[in-house]
Amino acid sequence: MRETLTRLRYRYWPDHLLGEILSKRWTETAIPVILLLIVGFALSRSLEHFLSPASLADTARQAGEIGFIGLGMALVVIVGGIDLSVGSIFALTDFCALYLLDVLNWPVPAVVVVTMIVGGLLGAVNGVLIGYLRLRAFITTLITLIIYRSAYDLLIQRYSNAIASAFPDIPSWDFIGGGTVLGIPSVALVYIVIAIFGHIFLTRLRPGWHITAIGGSRRSAYNSGIPVRRTIALCYVASGVLTSIGALFFAARLGTVGGDIGVGLEVIVLTATVLGGITLGGGKGSVVKSMVGVLIVLLVTNGLTAMNARGGVNRMALASILLVAAMVDIRWQKNRTRIISKVYVAPTYHALPPPPPTEIGEGGPFEQNDRLREVSLIGLGRIEAPEDVILDRNDVLYAGSRHGDIIRFFPPDYERMEVFAHIGGQPLGMAFDKQDNLYVCIGGMGLYRIRPDGTVEKATDETNRSLYSVNDDSRLRLADDLDITDDGLIFFSEATVRYEMDEWPVDGLEARGNGRIICYDTKTGTTHTALRGLKFPNGVAVASDGQSILFAETFGCSIKRYWFAGPRKGDVEIVMDNLPGYPDNINLASDGNYWLALVGMRSPSLDLAWKMPGFRRRMAKRVPVDEWLFPNINTGCVVKFNEQGKILESFWDLKGLNHPMITSMREHRGYLYLGGIANNRIGRFKLDNADPNFVQYDKRWGKSS
Amino acid sequence: MIAAISEFANHFLGRGEAAITVPSFDGALKPNQALEQADILLACEAPEDLATDGTSLLLADGKRLARLSGHSATTVRTFERPISALASLPGGGLAVALGGTEVRLYDSATAETPAATFSQGLHAVNALAPGPDGTLIATDGSSLRGVGDWARDLMELGKTGRVLRLDPKTRAVTQLAGGLGYAFGAIAGNGGVLVSESWRHRLVSIAPDGVRKDVLRHLPVYPSRLSPARGGGFWLTAFTARTQLVEFVLREPAYRRRMIAEIDPEFWVAPRLRSGHSFKEPLQGAHIKTMGVMKPWAPPRSYGLVIRLGPDGLPRYSLHSRADGVNHGIVAAVEFGGDLVMIAKGPGRVIKLPLASLGEEARA
């Protein structure tokens with residue numbers, strides 16, 4: 001009963017999605033957006049006129065003005081600094097605009113340009129001090145805040161009456177202050193244009209990347225040749241200019257130079273910035289985050305004002321939000337990868353019936369023997385990690401190595417060895433096509449082709465992206481074994497789409513169907529996914545009918561058959577299941593049957609753990625990987641089976657001293673060649689009653705050597 | 001209330017009591033391969049315990065009691081049940097525990113009839129030691145499981161171990177301490193008794209008035225029998241070592257329940273005296289043979305360790321056989337002549353190391 005519930009729960013509840021979603025970059029923006037929606041929804045329910053056009057337009061105007069300052073602040077924070085002087089710059093440029101317009105009676109375009117220049121100059125003071133003289137951003141901008149504010153106070157003492165008594169009636173100025181286009185306030189339009197440019201600037205243009213790089217690591221950015229000082233200084237200039245744009249719209253809208261203009265503005269903008277998810281440490285942030293943060297802050301303050309909260313309450317609320325947001329931000333940045341790594345591993349329910357017996361004396365096809373003890377060794381200590389081995393029609397032996405090479409050994413004694421080709425990734429399964437090209441699956445890289453002269457070419461490293469997967473599964477993570485059909489289709493397995501090759505034990509711990517069978521068409525060069533949701537698919541071999549493939553599911557402990565053509569096209573059938581071990585590569589035998597490597601054997605403790613996902617999840621969190629319960633891949637065997645799913649014989653090495661692990665085997669002229677991914681040797685075993693002239697290449701492609 | 005909440009939080013987060021930390025082999029316990037270099041005196045079926053009166057060395061091997069001289073063993077006598085503990089008494093006497101449930105005292109190793117027999121309330125007597133005033137100290141590992149079934153006792157978080165004083169004169173059995181997490185090995189001295197409490201990884205000294213004091217805590221191994229060392233101090237054997245996986249499983253009641261019910265004890269996730277003989281044994285990440293070699297630092301399913309303790313009960317140096325070694329499951333170590341003679345129960349061997357060579361090597 002309980003087991004059934006566990007099974008159903010893990011079958012229908014997608015545990016693995018949580019980690020995948022959290023590891024996406026956009027979750028950091030999604031959280032402020034959700035917050036914004038909640039705030040907006042709550043306000044629209046509690047305030048009557050919240051969603052009226054007039055109220056929205058008013059909000060949009062304010063949002064635009066503060067939004068400009070927010071963009072400047074975002075830039076400065078991303079580059080690793082802070083700008084506290086924005087409120088004072090805002091006040092000064094506001095004064096500047098009104099003074100030029102009302103007292104000096106300059107034309108509007110000149111006012112706009114000069115105000116922006118003044119804003120830029122005020123920012124440049126910060127920029128030079130912080131960027132070039134390398135003062136601390138916090139203290140520098142705190143000082144300029146005071147200086148600018150004092151200057152503003154002195155200026156308005158002299159000119160506030162002159163400004164207040166002037167009533168300019170200039171249409172273009174009024175349009176800046178209160179005009180709309182299609183009902184959208186002018187300030188909002190300009191903001192949108194600048195925000196779109198800002199987004200492109202930060203994400204697509206070189207200076208934007210430089211800014212992010214400097215914020216991420218100033219020293220690395222410097223070492224990479226980025227002009228760190230200039231970039232930082234220019235960010236403060238940009239902050240000043242953007243603030244002056246906000247001030248221009250403000251001046252045009254209200255036309256006043258009251259004493260409290262811009263007071264506390266830095267707190268509002270800073271709150272918006274942090275709340276939007278722009279990290280105070282620098283290096284992370286986006287325009288969208290800044291915009292969302294400004295909107296939240298504005299909605300909260302306006303909402304509170306509309307509910308007749310006092311100014312003190314308002315500021316208190318803002319300060320509290322800033323505190324909480326900064327706290328959440330710091331904790332999240334510190335623990336993000338840890339949290340993701342903890343929730344990413346999502347084991348599922350995987351039940352296997354008790355395995356068939358293997359003990360000596362119990363009979364059955366898997367009864368252990370010592371036939372493989374007589375294996376002779378090739379390349380002992382000279383080759384590392386030959387996952388698969390293959391022989392060409394001239395009896396030359398090819399094998400992969402963990403250094404990313406294809407090594408070949410020459411007959412007759414296989415003592416002489418050379419590097420045939422260097423690829424760079426761990427070679428796994430191998431197969432020759434009709435033209436003697438060697439196709440190799442490379443873990444972490446994809447499917448590669450090596451021409452007879454040793455040139456390496458990429459066949460494919462991507463397939464179609466699935467519609468419903470959160471992780472991008474178009475790249476190949478762990479191409480494993482392959483075989484080639486008569487029509488030049490290459491079917492290969494990809495063991496898992498959730499982990500890298502060295503993380504295969506984690507996939508075993510999950511025991512979920514994370515793998516797939518992929519088809520590459522050598523004629524058209526296209527790739528598509530044929531089957532998905534397989535439990536670590538591994539060995540692949542074309543079946544005798546030429547219309548189907550046999551493939552092994554390592555952690556599913558089964559062999560299945562998939563028809564890619566003919567009347568049964570699309571069918572999948574179980575050939576054998578509940579194997580006593582973990583099947584790996586499949587290859588043709590001289591008598592028309594198939595060889596199968598069992599890379600490891602099942603142990604009762606892991607079989608039980610596979611039925612208890614919660615146990616494994618906690619194990620993954622608390623126990624270091626080296627101490628996890630693993631699939632036993634120290635002992636394995638080779639078996640021969642037929643297409644009806646009958647095991648014909650098995651070959652064991654009881655002690656495993658000579659050749660500990662078997663991931664693949666290849667029959668060639670009466671011998672069986674053995675590969676093992678954790679081995680430093682290749683095994684060679686004399687088969688009794690085998691066709692001494694059998695060469696897989698000839699049999700497969702109907703040629704004779 | 002707060003305790004309950006913090007316990008729940010600990011369990012949920014794997015902290016506090018729920019943490020699975022195992023101390024590392026460090027300081028005096030720094031690993032070496034000394035036991036792998038030991039001389040093999042004898043290979044036998046089921047060696048269990050050693051005892052010496054200074055002139056001869058007695059070996060309990062299954063039902064057989066043998067006298068060891070050089071590389072050969074001569075059978076002294078055979079009992080009807082396997083011997084589970086052995087002790088030489090002052091004055092030439094001998095004490096044997098049979099099957100864990102019966103203790104017999106003989107005046108000499110060859111004496112026909114026992115001078116005294118105790119069988120009342122004994123379940124798993126696994127070690128005997130002479131006590132003061134002609135009494136005998138016995139440790140009874142568990143009141144629920146037999147001597148051979150210690151892994152089950154561990155997996156059931158057994159805490160029914162007892163230390164008993166057997167008085168041959170009055171035939172009285174006195175309990176010195178109870179509720180121990182598998183008592184395995186004791187030695188009398190300084191008026192009190194020093195006891196190995198295996199499942200709690202510590203040495204406890206029990207004063208005559210019953211007051212307990214931890215002498216050595218947080219061992220990375222499960223301690224077992226103790227014997228006196230020349231020049232003061234003791235030899236402490238550790239029959240197997242702790243691993244984080246076992247500690248984790250001990251905190252997973254559901255898994256343990258099903259494991260005990262469904263799996264052959266041989267293949268449990270539990271410490272063992274020997275390992276690597278079947279692919280059905282649980283395999284941990286570091287056990288995978290890479291380039292044909294299993295690393296010695298792999299988490300040990302079985303381990304060999306003897307610790308030399310000073311008179312204060314603190315470790316001085318230690319002799320190891322690591323995860324890739326053979327001489328695992330050391331259950332007894334006694335000084336005899338110029339040698340330290342030990343039983344490696346895993347491979348079924350009696351091994352020896354010359355005392356003169358010890359210490360320096362471990363300290364080097």
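Helix axes here are lines fitted to C-alpha atoms over the stretch in contact, and angles run from 0 to 180 degrees between N-to-C directions. Helices (H or I, at least four residues) and strands (E, at least two) are DSSP runs, numbered from the N terminus.

This is a predicted model, in which local features need pLDDT of at least 70 and side-chain atom pairs count only at pLDDT 80 or more, while totals for chains, interfaces and linings use all residues. Residues are numbered from 1 along each chain as its sequence is written, and chains are lettered from A and ligands numbered from 1 in the order in which they are written.

**Stop 1: two helices of chain A**

Select residues 186-204 and 206-216 of chain A. These are H9(A) and H10(A), which pack at an angle of about 70° with their axes 5 Å apart. H9(A) is therefore roughly perpendicular to H10(A) (65 to 115 degrees counts as such). Now show A:Phe201, A:Leu202 and A:Thr203 in H9(A), which meet A:Pro207, A:Gly208 and A:Thr212 in H10(A). Contact is set by C-beta atoms, placed from the backbone, that lie within 7 Å. The contact residues divide into 3 nonpolar, 3 polar and no charged. Ala, Val, Leu, Ile, Met, Phe, Trp, Tyr, Cys and Pro count as nonpolar, Asp, Glu, Lys and Arg as charged, and the others, Gly among them, as polar.

**Stop 2: strand E21 of chain B**

Move to residues 304-309 of chain B, strand E21(B), where 6 of 6 residues are buried (20 or more other C-beta atoms within 10 Å of their own, with C-beta atoms placed from the backbone). B:Gly304, B:Val306 and B:Arg308 point one way, and B:Leu305, B:Ile307 and B:Leu309 the other.

Which strands pair with E21(B)? Pairing needs at least two DSSP bridges. Centre on B:Val306: B:Thr237 stands opposite, and B:Leu319 is its bridge partner in E22(B). Follow the hairpin of E21(B) and E22(B), with 5 residues between the strands, to B:Gly313, which takes a positive phi near 85°.

**Stop 3: where the chains touch**

Show both chains. The contact takes 32 residues from chain B and 30 residues from chain A. On the chain B side, H4(B) (253-262) gives the most, with 5 residues. That side has 17 nonpolar, 8 polar and 7 charged residues.

Finish at E20(B), residues 283-284. E22(A), residues 629-630, runs antiparallel to E20(B), with 2 bridges between them. A:Leu629 has B:Gln284 as its bridge partner.

Terms used
Buried ≥ 20, exposed ≤ 12 C-beta atoms within 10 Å, placed from the backbone. Contact = placed C-beta atoms within 7 Å. Parallel < 35°, antiparallel > 145°, perpendicular 65-115°, else oblique.
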